[in-house]
Structures are given as C-alpha cells and as structure tokens.
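Let's take a look at how two chains can sit together, and then peek inside one of them. Have the picture open while you read.

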Number of protein chains: 4
Amino acid sequence: MNKLSEEKVLRDPVHGYVRVSEEIIWRCMASREFQRLRRINQLGSTSMVYHTGEHSRFTHSLGVYEIVRRMVSEVKDLRENLSEYEKITVMLAGLLHDIGHAPFSHSFEAIMKRKHEEYTIQIITQDSELNRILKEYDERLPEDVASVIRGNHPNSILCQLISSQLDADRMDYLLRDSYFTGTKYGEFDLERILRTMRVADDRLVIKVSGMHTIEDYIMARYHMYWQVYYHPVSRAHEALLAKLFQRLLDLYHQDSAIVEQLPMYRALLSKSVLSNDEYFRLDDATCLYSFQLMERMDDPVLADLAGRLLNRRLLESAPIERYDEIRKRVTEAGYDERYYIYTDRQIQNPYEPYSDHPSHGIWMLDEKGNIRELSHISRIVSAICYNSESDDALVFYPKGV
Amino acid sequence: MNKLSEEKVLRDPVHGYVRVSEEIIWRCMASREFQRLRRINQLGSTSMVYHTGEHSRFTHSLGVYEIVRRMVSEVKDLRENLSEYEKITVMLAGLLHDIGHAPFSHSFEAIMKRKHEEYTIQIITQDSELNRILKEYDERLPEDVASVIRGNHPNSILCQLISSQLDADRMDYLLRDSYFTGTKYGEFDLERILRTMRVADDRLVIKVSGMHTIEDYIMARYHMYWQVYYHPVSRAHEALLAKLFQRLLDLYHQDSAIVEQLPMYRALLSKSVLSNDEYFRLDDATCLYSFQLMERMDDPVLADLAGRLLNRRLLESAPIERYDEIRKRVTEAGYDERYYIYTDRQIQNPYEPYSDHPSHGIWMLDEKGNIRELSHISRIVSAICYNSESDDALVFYPKGV
Amino acid sequence: MNKLSEEKVLRDPVHGYVRVSEEIIWRCMASREFQRLRRINQLGSTSMVYHTGEHSRFTHSLGVYEIVRRMVSEVKDLRENLSEYEKITVMLAGLLHDIGHAPFSHSFEAIMKRKHEEYTIQIITQDSELNRILKEYDERLPEDVASVIRGNHPNSILCQLISSQLDADRMDYLLRDSYFTGTKYGEFDLERILRTMRVADDRLVIKVSGMHTIEDYIMARYHMYWQVYYHPVSRAHEALLAKLFQRLLDLYHQDSAIVEQLPMYRALLSKSVLSNDEYFRLDDATCLYSFQLMERMDDPVLADLAGRLLNRRLLESAPIERYDEIRKRVTEAGYDERYYIYTDRQIQNPYEPYSDHPSHGIWMLDEKGNIRELSHISRIVSAICYNSESDDALVFYPKGV
Amino acid sequence: MNKLSEEKVLRDPVHGYVRVSEEIIWRCMASREFQRLRRINQLGSTSMVYHTGEHSRFTHSLGVYEIVRRMVSEVKDLRENLSEYEKITVMLAGLLHDIGHAPFSHSFEAIMKRKHEEYTIQIITQDSELNRILKEYDERLPEDVASVIRGNHPNSILCQLISSQLDADRMDYLLRDSYFTGTKYGEFDLERILRTMRVADDRLVIKVSGMHTIEDYIMARYHMYWQVYYHPVSRAHEALLAKLFQRLLDLYHQDSAIVEQLPMYRALLSKSVLSNDEYFRLDDATCLYSFQLMERMDDPVLADLAGRLLNRRLLESAPIERYDEIRKRVTEAGYDERYYIYTDRQIQNPYEPYSDHPSHGIWMLDEKGNIRELSHISRIVSAICYNSESDDALVFYPKGV
C-alpha cells in the first residue's frame with residue numbers, strides 16, 4: 001500500500017488532529033458511503049435535551065479511527081506485534097464500524113427488517129464504492145475488515161480494539177459526546193489509558209498502575225448513560241419516533257399505496273433487504289423531509305406525531321407505576337393508546353465483570369505479570385458492579401391528558 | 001410579563017448555561033419557527049473543511065440571546081437605564097435575529113427573490129406561531145423586536161447590542177465556531193469585554209483599560225475569516241451550491257414542469273413571496289433530500305452537481321490570474337462553462353474604523369470621559385485597518401481538466 | 001459596611017474571576033497575615049510528583065472565598081435568609097480558614113506544640129493587623145468569624161458552608177489542585193451543585209436531580225486522594241520532612257544551643273505558644289533557607305536529610321509487610337533507624353455516610369420535600385461507602401540499602 | 001547513550017506530558033542544580049497582579065525541553081538531518097538554558113557583578129553535579145550544550161531552536177504563563193506551528209500555509225507583554241526590589257559589616273565571581289527570608305522596603321510626564337528620593353523584522369520554495385512592525401505623598 005506523500009490531518013477538537021498517512025484510509029474517507037455519515041446524527045434524540053449535541057457519525061467514526069491509529073502506533077505491544085496489514089485492517093474496522101447506521105438510531109430499526117449491523121457488513125463486502133476501494137488494495141480486505149467488526153477475526157486482539165468494554169468506539173463517543181453536549185461527565189484520561197495498555201495472554205490488558213484511570217472511565221460511562229443517553233426527554237423523543245414509524249407500518253399494511261405520498265420509504269417497506277444504493281438514500285435529511293410531508297397528510301395520527309417531532313412537542317414521562325392511571329386518562333382524552341402510550345425501561349450496569357471471553361471484562365496486569373479481571377482488584381468497581389445495577393422504567397404520554 | 005417560577009437553564013459548552021427566567025423567552029424558544037433553526041446549519045459549507053463544525057443556527061441563536069441577556073444584566077449602564085420592556089425586546093431581537101435564515105446560507109439566496117432578512121421580519125410581524133406569542137405579551141412587541149433587528153429602533157443602544165462591530169451576534173459566532181471547529185483563532189475574552197462595557201453619549205463604549213482585549217477580538221475575527229469562513233475548500237462547496245441552484249433556475253425557466261419532480265421548490269420557483277408556512281418548509285433537510293432526487297434526474301448537469309455535493313467531490317481552486325487558461329481547459333474537457341467555472345473574491349478588512357454613525361466603529365472611553373474611535377488610540381488597529389485589507393480572488397473548476 | 005465604589009476582580013483560572021465588592025474583604029486580603037499565605041505552598045510535598053502543583057494557600061483561600069460568595073449570592077435560600085452581616089462573616093471565614101497554616105503542611109506540626117487551627121483562631125481574635133481590620137468593622141466580627149471556623153457558630157448553616165462533606169474548602173481544592181497539577185481526576189460540575197443547593201431543615205441539601213453530580217464529586221475526591229494526595233512519592237517527601245524535624249527536636253533537647261545556628265527556630269523550639277508576630281515569620285521560604293543552613297551543619301543526619309529535601313533525593317517505599325526485612329537492611333547499611341525508617345498508613349473512605357449531625361453526610365432533598373442522606377438513595381455511593389474503604393501502608397527507607 | 005528501559009513521563013497541563021526516553025536527560029533533571037530551579041519563580045513580580053502565576057523555572061525548563069524534543073522528533077527535516085548527538089545536545093540546551101537564573105529575575109541582577117547568562121555557562125562547563133553528568137556522557141557535551149545556549153554552535157539550526165523569534169523558550173513561556181495566570185492572551189496553535197516547520201537554506205522556516213498561525217503567535221506575544229509582563233503593578237514590585245538591592249549595596253559600601261546580619265549576601269557582595277556552590281544558595285527562599293531579617297533591621301529605608309515587599313505595599317505609578325511634580329511631593333513628604341522614586345520605560349515591538357542573520361526574523365517558505373521574511377508577506381505583521389512600536393514610561397512613588 002502506498003503511503004501518502006505527506007501525512008494529512010483533519011482538525012478535531014477532541015483529539016487535536018485526526019492523522020492519516022495511508023492512502024487507503026484517505027480514499028475510504030472520501031467514499032460516497034462514508035460521506036453519507038455526515039447526514040446521520042450521532043446522538044439522535046439527545047439533542048432535544050442537550051441542544052448542542054448535533055454532531056454526526058462522520059465525526060465520531062473519524063475519532064474511532066484516530067484512537068485505533070494511536071493504539072497501534074503508540075502501544076508498544078501492538079506496534080511491534082501486529083503486521084502492517086493487520087494495522088490497516090483494524091484502523092479501517094474502526095473507521096467503518098458504523099457505516100451501515102440508519103437514521104435516528106434505534107427507533108428507525110422498528111421499520112427495518114435487518115439490523116444496521118448487517119448493512120454495515122453488506123456495504124463493506126458487497127457492491128459499493130467502498131467495497132471497490134478495499135478490494136483494489138487487497139482482495140481479502142473487505143472480508144477481513146468485516147470479520148473484525150463482526151468479532152470473529154482470528155486475531156482476537158483486533159476485535160478487542162473495536163468492540164470490548166474498553167474499545168476505541170466507546171472511548172471516542174464518551175469524550176466526543178461530552179465535548180459537544182458541554183457535560184463534563186464523559187471525560188477520562190485517554191492518554192494514561194494508552195500509556196498503561198499492554199497485550200498479554202492474547203488480550204488487551206491495563207497495568208495496575210492505571211487502575212484509578214480505569215475506575216474513572218467506568219464512572220464516566222455510568223454518568224453519561226444516566227445524565228445524557230437515558231435522559232427522559234431524549235427517550236420521550238425516541239418514543240415519538242418509534243410510534244411514528246409503527247403508525248407508518250400499520251398504515252402501509254392497511255394500504256400499501258401510502259408510499260405514493262412517501263416515496264422515500266417505498267423500498268424499505270416493500271423489500272426485505274435493501275440494496276446498498278437504496279440504503280444509501282436513507283439518512284436523517286430524508287426522514288426529516290418525510291416528517292414535513294407527513295405533517296400535511298390526512299392520517300391524523302401520522303400528521304400529529306410528525307408535527308410533534310418537527311416542533312419538539314414531546315411526550316411527558318412518569319414512573320411506570322402510574323401506567324394504569326395514565327392509560328385511562330390517555331384513552332379518555334380520545335387518544336389512540338396504540339400510538340400515545342409508550343413504555344421504556346433502561347437498565348444500566350456500570351460494568352459487567354466476569355466472563356471467560358477475553359473481550360469481556362477489563363483485564364488488569366499486575367507487577368508480577370498476573371492478569372486479573374478488574375472487579376477482583378478494584379474495590380470501587382467490585383462494589384459498583386454487584387450492588388448498583390440501576391433501572392429506570394417510564395411511561396410516556398401526551399401532555400395535558 | 002410573568003417570570004418563570006424557577007430559572008430554566010440549557011447547558012451550552014460555550015457559555016456554560018443559557019439562562020431563561022422570562023416566560024415570553026421560553027415560549028418563543030418552543031415555537032415552531034424557532035425549532036426550525038435546528039435544521040439550519042450555522043456554518044453551511046465550512047463543515048467540508050472543519051468537519052466538526054456541524055452546529056445549527058438554533059444553538060447560535062440561543063448563544064446570542066445569552067450574551068444579550070448578560071449585557072443587560074451585568075453591564076451596569078444597561079441594567080439601570082433600560083426598562084424591563086426594552087430588555088425583553090432586545091433579548092428577543094438577539095434570539096430571533098436569524099429566524100428567517102435560509103438553508104445553506106448565501107448560496108441558496110440565488111434562487112430566492114427576497115432576502116432572508118426580509119423573511120426574518122415577516123415571520124416576526126406577520127401570521128406565525130411566533131408572532132402570536134409576541135402579540136399575546138404586548139401588541140407592540142412584534143414591531144419593536146423587528147425594529148431592533150432592522151436597526152431603526154428609537155433607542156439606538158438596543159440596535160448596537162444586536163448589530164455593530166462589537167455585537168452579541170459576532171461575539172457568539174466567533175466563540176462558538178471556534179469551539180465546534182476546534183480552531184483556537186476565534187477565542188477572545190468575553191468576560192473582560194462585558195466588564196469594560198459602558199454606555200456614554202448614547203453609544204456602547206469600552207473603557208480604555210479593555211483596549212488589549214478589543215485588539216485581541218479584532219484579530220480573532222480577522223483570523224476566523226481567513227482560516228475558517230473564507231477557506232478555499234468551503235468556497236469550493238459554495239461554488240457548487242450556487243451553480244446547482246443556478247442550473248435549477250435555468251431548467252425551470254426552460255420548462256416549469258421540473259417542479260413535478262422537485263415539489264419542495266414549487267412555491268419558491270413560482271411565487272415572488274412565500275408565506276411563512278411555505279418558507280418554514282425550506283430547511284437543510286429539504287435541500288439535502290432534493291439533492292438525492294436530483295442525483296437521479298435526467299439532466300446531466302443537475303445530476304452531476306447534486307452528486308458532487310452529496311459526496312463531497314468538490315471543485316479545485318486556483319488564483320484568478322489563471323482564469324483564461326483554466327476556462328480553456330474546462331471547455332476543452334467538455335464541461336459547460338456556465339456551470340463549471342466559478343469565480344469568487346473575498347475581501348476582508350479586519351476592522352472598519354471611522355464613521356459618524358454610533359453603531360459603526362468601536363468606541364473607547366478614556367479615563368477623562370472622552371470617547372474616541374478605536375483606531376485613533378490603538379496603534380495595532382490603526383496599523384491594521386489602513387494597511388492590511390486583504391483579498392483573495394479564486395477561480396473554481398472541476399478536478400482533472 | 002462600605003461597598004467598594006466598583007467591584008474589584010482578580011483573575012483566576014479556576015473560577016474565571018474572584019469578585020470583591022465589600023471593602024472589608026478587600027482590606028483583609030491586603031493584610032500582612034493574608035499576604036503571608038503567598039509563601040505557604042498549598043500542596044507541600046505533592047509537587048515532588050506533580051511538579052506543576054506549585055500554587056499557594058493564598059490562591060486557594062481566594063478560591064474558597066469566591067465559592068462561598070457565589071453560594072450566598074446565587075443559592076436563593078441562602079441569599080434570602082442570611083443577613084448581610086452573616087454573609088460577610090461566612091465569606092471571611094472562607095477567606096481566612098487557613099490563615100494560621102504552617103509551612104509544609106502536616107509534617108511541620110511535628111515540632112509545633114499547638115495545632116495550626118489554633119493559630120488560625122489566635123490570628124483572627126488576638127493582636128494582628130487582620131484582627132484590627134475586623135474589629136474596626138464590628139467589635140463582634142473576629143469572634144463570629146472564628147466561631148464559624150471552629151464550627152460552633154449558632155447558625156450552623158454558616159459552619160456547613162465552610163466545613164462539611166460538601167464545603168467550599170474541598171470544592172476549591174479539588175478543582176484547583178486538579179487544574180494546577182494537570183490531572184483531570186478532581187473535576188466536577190460546580191455550576192450544577194450550586195444550582196441544586198437548597199436549605200431545608202437547617203441544613204444544606206442538594207435536590208435529587210443533582211444526585212449524579214454529587215456522585216461524580218464523591219468520585220473526584222476519591223481519585224484525587226489516591227492519585228495525588230496519597231501518592232507514594234509525595235509521602236516519601238513528607239517522611240523526610242518529618243524525620244528532619246524530629247532530628248532537629250532531638251538535637252535541641254540534647255543541646256539547645258543549636259538555635260544559634262538556626263535562629264529561625266528559636267521561638268518555636270523554646271516557647272509553648274508563639275506570638276502572632278513570631279508565627280508570621282514561619283513560612284516555606286524560612287524553612288527552605290534553614291535546609292540550606294542545615295545541609296552545611298556538622299550533624300550528619302540533619303545535613304543529609306536537609307540535602308535530600310533540597311535536591312529531591314527521596315526515600316524508597318515498599319509495602320509494610322516488608323518492614324522487618326527492610327529495617328534489617330537499613331541498620332546493616334549503617335543508617336540510624338530512628339531517622340531512616342518511616343512508616344505511613346493512609347486510609348480513605350470515599351464518603352462517610354451516616355451521622356446525626358447535619359454537617360456530616362450529604363443530604364438530598366427529594367421531590368416530595370423529604371431529606372435523605374446520600375447513601376440511602378445513591379446505589380453507587382452506598383456500594384462504595386460500605387465496601388471500599390481502602391488503605392495503603394508503606395515503609396520508607398533510603399535507596400540502595 | 002543509554003535509552004531508559006521505559007519512557008518516563010511527567011504530567012504537565014500545558015503539554016499533557018513531558019516525555020523522557022534518554023537516561024542523560026533524566027539524570028540532568030535529577031541534578032542538584034536543576035532541582036534548584038524549583039525555588040526560582042518563573043514570573044517574579046507578575047504574581048503580584050496575576051496571583052496564580054506562581055510557577056517556577058523548573059516547570060518552564062521542562063516545558064522548553066519538551067518542545068525541543070517534539071521539534072527534533074516530529075519535524076521531519078530535523079528528525080532526519082540531525083544526528084542523535086545533536087538531538088541530545090539541543091534537548092539539553094533547552095532544558096538547561098535557565099540553569100543560572102537568579103532569584104526574582106532582573107531586579108536581582110542589580111547586585112550581581114556577572115549576568116545570569118554567564119552563570120548558566122559556568123554551571124554547565126565548570127565544576128558542578130550537572131557538569132559531571134554531562135562529561136560522563138561525552139567529554140565534549142558541556143561545551144557543546146553551552147555553545148548552543150551562547151548561540152555560537154557551528155550548526156546554527158540548533159541555536160535557532162533555543163533562541164530566535166520562534167524558539168522553544170518563547171513558545172513555552174507564552175503558553176505556560178497564559179495557563180497559570182488564567183489569561184487567554186498567550187494561547188496560539190503550537191501543533192500547527194510544528195506541522196508547518198521546515199528547514200531550508202540552513203534556517204528554520206514555516207510554510208506559508210501556516211502564516212495565520214504565526215500572525216496569531218506574534219499577537220499572542222504582543223498581548224502577553226502589555227497585559228501581563230509589563231503590567232504597572234508588576235513593575236511597581238520590581239521597582240521596590242531594585243531599590244531594596246540598591247540600598248543594600250549602598251549600606252555595604254558604607255560599612256561591609258552589614259553582612260554579619262545578612263550572611264546570605266556575604267559572598268555576593270564581597271566577591272566578583274561566585275563559585276557554583278555559592279551561587280546555588282541564592283534562590284527565592286533565601287531572598288524572602290532575607291527580607292524578613294531586613295524588616296527588623298535598624299536602617300529605616302531597608303526595613304521599610306523589605307516590609308513593603310513582604311506585605312505587598314507597592315508603589316503607585318503615574319505617567320513619566322508627572323515626574324517633576326511627583327519628585328517634589330516625594331521629597332516634601334520626607335522620603336529619600338534615591339530610594340522612593342523609580343522610573344521605568346518599557347518598549348515593545350511586536351516583531352522585529354529584517355536582519356541578515358538567520359536566527360533573526362521569522363522566515364516563511366512559499367509553495368515555490370522561496371524563503372521570505374515574514375513581514376514581506378504578511379500584511380498584518382508588516383503593518384504592525386513598522387507602525388506600532390509602543391512604549392510606556394512610568395514613574396513610581398509611595399502612595400499617599
């Protein structure tokens with residue numbers, strides 16, 4: 001593979017710069033499928049609460065790439081033990097792990113018949129601009145990148161860099177979401193984690209001298225989940241999205257002619273698997289524009305839900321215990337309960353300790369070379385993970401009922 | 001007017017919090033027209049260079065409001081001399097100054113028959129949700145807010161807070177664009193500017209002890225313009241936008257039936273003035289979706305330009321001196337020169353000094369109470385504004401010709 | 001009391017500005033006793049590990065004042081319920097709480113016959129420049145400020161602001177030590193704590209909506225203790241200080257003429273209580289200069305320990321379990337074990353939950369107005385405080401034995 | 001030379017980490033002479049205005065080293081063209097350039113018979129712990145390091161890294177002083193300067209694409225000088241220092257027995273050149289302790305000036321034009337005008353353009369490989385350097401005359 005004649009850099013407030021010196025990386029970044037990620041918001045509904053959280057999966061994906069690049073360049077055990085080809089493979093896996101993401105995150109998947117993870121693999125391994133770029137470099141590359149993302153690459157270290165409890169994906173989104181929303185909860189000491197990272201016994205480990213940094217990272221995750229990702233206002237917006245797509249599906253099943261008015265959903269509603277080209281056209285802009293169309297359609301439920309989404313007239317939330325009372329009020333107020341009551345339960349365990357799989361758990365390396373799972377040596381983490389699973393179950397309903 | 005029972009806050013990484021204690025402000029923020037600003041990107045084409053510059057006019061407008069709120073609360077001369085009604089008026093003017101903004105900034109105005117500033121006034125003063133909220137508070141309020149934005153409010157101090165060389169609008173966008181793009185050029189010391197701000201002789205002035213801070217602000221502006229706003233890559237993207245809209249207009253003039261395929265532009269192309277409701281529907285999402293449609297339309301120029309915009313296949317740039325040579329190459333390569341050559345000249349004067357209008361120039365208050373225009377006392381600013389107007393004229397053209 | 005004609009500000013990177021609008025505060029800041037705090041390092045031995053932690057108790061004391069000022073200005077329940085005199089009293093208590101601090105923190109107290117807290121009270125209530133300034137304002141003021149610092153002021157809320165598990169002192173030092181050492185562990189969201197602070201049932205409480213912020217604060221404390229304050233290298237430096245002062249004391253008891261060579265310690269060694277004027281002269285500079293003198297004195301132990309302190313030739317550390325083995329090696333190497341072996345055990349409980357005293361524990365106010373102690377509602381804190389007391393016992397000894 | 005078995009890092013809030021992988025560097029950092037820099041304040045009198053500017057020359061020297069290290073590692077033209085020995089030499093020159101600094105900066109030199117730069121050379125090249133460490137590595141090393149610091153090393157690039165208008169020394173102090181004082185004026189984009197740095201025609205040059213970054217750096221310097229370094233309050237403190245040392249000198253000339261009371265100045269006052277060991281003992285602590293002694297001595301001028309310094313009872317300042325009037329008032333009030341009037345003029349040119357010496361001026365490399373001096377291509381810099389030399393001449397005198 002060719003090196004670029006000069007390292008290229010992209011300014012990034014989280015990492016300073018995203019640095020690229022391999023031509024293959026640069027070309028993938030320029031591909032049509034990667035550029036589409038500019039039109040997929042990273043945080044979806046969260047910007048309804050933290051209004052500055054407007055960044056895209058494009059910026060996040062570049063950030064994940066950059067963290068992987070630093071890992072394979074700065075962590076000695078990775079730098080010296082991975083081949084150039086493996087380094088390229090895992091950097092690409094970081095860059096492309098979200099390439100098949102649907103608009104608006106999980107709510108949209110209600111009307112998808114395949115999960116977005118499958119589209120990620122499809123875009124990498126089947127006919128697409130990206131796929132052609134990868135194959136030109138090496139025929140095996142699409143499959144190798146895909147296997148890292150799937151988690152079944154023979155060198156499990158590569159998989160751990162991309163998907164584990166201490167992977168580049170989580171590290172970037174915690175730092176990034178924290179920076180862009182203006183919350184401080186997600187900050188942790190990435191520099192020190194990189195400095196204390198080693199490979200031992202075929203797994204990524206952290207030297208015990210970095211234990212406090214890891215504890216801090218675990219807490220950062222915990223707080224970001226409750227303060228940001230699972231915020232009731234964000235979930236109220238997701239509730240609307242889910243109900244809108246459910247209503248769309250129900251209407252389509254009653255009469256498929258609805259796609260004449262909403263052509264952007266024709267393929268999605270009528271086919272079981274979209275082509276890469278059809279999937280490409282589904283992005284946030286497409287959905288937002290469809291909400292404008294829906295707002296003026298005849299179906300009162302669809303029109304109302306679309307208007308609520310566009311104009312942020314969100315649902316209220318209450319503890320799940322009040323479900324029966326609220327349901328009664330909602331139906332008495334004349335709302336169709338299929339679309340105007342939504343329940344949602346979020347559970348979060350700050351850390352899931354033990355497992356026999358190396359990519360589960362966080363593994364610490366002590367001075368004597370022993371590897372132990374984090375919760376066995378951190379009193380804080382041990383205390384947390386066995387005592388503090390917390391859950392939050394809410395019912396969502398229209399204001400004023 | 002009612003105070004909110006408890007101050008509401010919105011987290012903002014630039015200002016810490018945006019604070020709201022007036023119900024009228026809160027209601028305007030919740031209005032349909034204000035929520036639309038979430039779908040208008042602040043920086044337009046700039047995110048093609050600084051990829052993290054993805055924030056919206058929604059967040060900027062809240063930031064301008066917050067700076068105005070701080071000015072009328074923290075600057076003693078404003079706090080004590082403005083009435084409550086005037087404070088509400090000017091805070092709303094800050095909040096709403098961009099309410100009529102079109103998608104993609106200036107390039108879009110090529111197909112608009114009215115300027116976005118006129119739509120701002122129209123939305124505030126004519127039938128809209130926002131207009132109703134304002135009128136409910138006070139029948140005069142829509143007109144008073146509009147007059148501050150227009151710059152003809154009888155109390156010229158209010159106008160200066162919103163539009164002058166040291167207004168809340170510029171202050172917010174320099175700080176915000178700097179934060180979100182990750183460049184440091186736009187940073188300056190807002191706290192100290194607020195501390196040294198006074199009112200004297202019916203104008204906003206800055207105590208001379210704040211002169212270095214103002215010099216730093218002038219330089220911040222200067223650098224942001226050249227490093228960020230006028231970056232050739234950003235202008236290359238704007239060139240494509242301008243050419244795409246020009247092609248759309250030309251096609252419409254040939255055959256107005258084109259709007260059957262692009263219904264989102266029907267009103268815009270056929271009417272001279274849009275209603276508030278029609279204007280509401282024009283946002284970034286609408287345009288981005290239209291580019292998807294165009295990419296698959298028969299006209300090769302429209303399809304090509306739309307594809308370039310979606311997939312970031314930008315134009316190249318060269319100094320204007322090479323115009324003739326490049327034009328020859330472009331036409332020889334078979335491109336229609338009406339749509340594939342674009343020239344653009346940007347001139348920037350870091351500071352425009354003298355004028356007899358109080359809202360022009362930046363006015364300094366010395367220890368003896370004399371008011372002098374900034375360039376008369378700052379050697380740095382004087383040197384800059386008479387010697388360093390810089391301009392940059394470029395020609396843009398397709399790669400590979 | 002007179003307001004200053006214009007608010008004065010001191011730039012502070014942690015708080016932006018320290019703001020003063022009361023003349024009495026300004027005069028106390030200018031007093032001889034307060035200026036002495038410029039010559040007392042805040043972190044003592046910690047700068048041997050985190051070399052940029054060189055800030056003084058002067059800057060910390062200004063920071064504590066600023067947080068108290070914000071509390072009594074911005075927390076509505078305090079702003080409205082405290083009298084002007086009480087506000088002045090508690091701001092001064094924040095400013096002056098460390099006024100009697102000795103050089104080099106705790107190690108120096110080995111040769112003091114009174115604790116530094118007693119000197120704090122003495123300086124405020126007995127003959128000093130500070131005492132005169134306070135009395136001029138109000139005869140009762142010295143005693144009232146002292147009673148807040150002592151914790152026995154009749155209005156216990158004042159005491160809680162200065163000394164509790166969520167007091168201005170801790171808040172400032174976590175933020176400040178974090179900023180100056182460059183560690184991120186001590187950061188937490190002060191703004192949000194101030195926003196959720198209330199007074200209920202005669203105690204400071206935090207609304208439950210602020211619970212995650214408090215959890216984050218508890219963890220910040222925990223990490224700062226282990227990563228910064230109790231770092232083995234810092235304790236190794238403290239060990240040397242303790243041993244040096246012990247040796248000095250032993251030599252003085254053998255022959256008090258040693259003070260001829262070290263006149264700065266004459267009063268301290270010969271008197272049981274120092275006058276304010278004598279105490280004033282004990283600062284870091286005095287001690288550091290004395291180490292230079294000691295380095296050239298005849299006693300080999302004193303000279304060696306002083307040289308080690310000046311030139312950072314610190315002791316090594318090992319787990320306490322190795323005490324017997326190390327002691328043997330130290331004596332065999334010819335070292336006097338009285339001065340060359342040091343043991344130190346640090347215990348830290350991230351949070352001490354229950355107590356019936358309002359100033360102990362952190363109290364949360366739920367939506368229904370009930371007050372509950374933090375560990376009863378935070379699963380995280382509950383898990384931590386009953387399971388994760390951690391301790392670290394070390395033995396320190398000369399390198400190379 | 002031996003590499004350390006593992007890179008060592010020192011946390012630094014300005015640079016993230018200071019990284020050391022050469023044993024010789026680590027040993028020099030641990031030397032007695034380098035550790036002394038912990039006791040020499042970087043900003044001297046500036047902390048009288050910006051109270052948090054309390055950092056030492058120790059932290060600054062580590063920062064200069066780190067910037068040099070990054071230059072020789074990250075700037076390709078340096079990395080590839082300098083030998084390992086040259087890299088070590090220039091990193092050491094950065095680390096040690098201030099090793100001979102006197103306490104309290106320039107004011108102290110009033111009583112020194114040699115400049116501190118000469119002591120820097122003396123400590124490196126003559127008998128000292130540092131000198132022994134350097135010689136052990138290579139007999140030539142002391143002299144080579146000294147020649148870089150002196151500016152006469154045969155490879156002039158090395159000299160430019162340490163002393164030029166764009167050297168590591170200035171870069172570190174602007175960033176560091178900015179961070180620790182909490183002013184934002186000194187910030188500039190170090191990353192981008194490193195990225196655009198090249199070597200051409202035996203000089204350090206910056207690619208024209210980095211011109212705006214350099215303009216920003218020039219302005220950062222300019223503002224730091226006027227806002228921080230030349231602040232009148234800082235100069236008022238320096239005035240007191242200068243007068244105190246002048247008085248001490250005058251008293252010594254009258255009767256040299258004064259050194260019995262102030263033994264720390266014996267060598268300094270009686271000898272023309274101090275030994276390294278004698279010089280070692282002069283640090284801030286020594287001076288501060290001496291002020292305590294002076295405050296209680298019989299000479300009323302010395303006692304008064306010492307008390308003013310310890311307790312921050314500074315002189316007032318006024319424009320030099322008022323000199324005659326003020327002198328009259330000072331003498332009428334009974335002050336000895338030799339010690340109670342001080343005049344000081346500071347001139348600052350933001351950038352000194354042309355010179356034929358490569359280390360003067362900042363040199364830009366254009367796309368065609370031509371090297372031009374900065375002011376020839378930057379309109380801003382050109383405007384500034386020929387029009388805006390500014391000076392500030394003040395007279396200082398006791399308050400209340």
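## Where C and D touch

This is a predicted model. In it, 29 residues of chain C are in contact with 28 residues of chain D. On the chain C side, four elements each bring at least two residues to the part that touches chain D: strand E1 (3-12), helix H2 (32-36), helix H3 (57-74) and helix H18 (284-295). The largest share comes from H18(C), with six residues.

What kinds of residues make up the side of chain C that touches chain D? They split into nine nonpolar, 12 polar and eight charged.

## How the copies are related

Any two copies of a chain are related by a rotation about an axis and a shift along it.

Do the copies use the same surface or opposite ones to meet? Of the interface residues of chain C, 97% are also interface residues in chain D, so the copies meet through the same surface.

Now for helix H13 of chain C, which covers residues 211-229. At 1.5 Å a residue, its 19 residues should span 27 Å, and the C-alpha atoms at its ends are 26 Å apart, so the two values agree. H13(C) is also mostly covered, with 17 of its 19 residues buried.

Conventions: Residues numbered from 1 in each chain as written. Chains lettered and ligands numbered in written order. Predicted model: local features only at pLDDT ≥ 70, side-chain atom pairs only at ≥ 80, totals over all residues. Contact = placed C-beta atoms within 7 Å. Nonpolar A, V, L, I, M, F, W, Y, C, P; charged D, E, K, R; others polar. Expected span 1.5 Å × (residues − 1). Buried ≥ 20, exposed ≤ 12 C-beta atoms within 10 Å, placed from the backbone.
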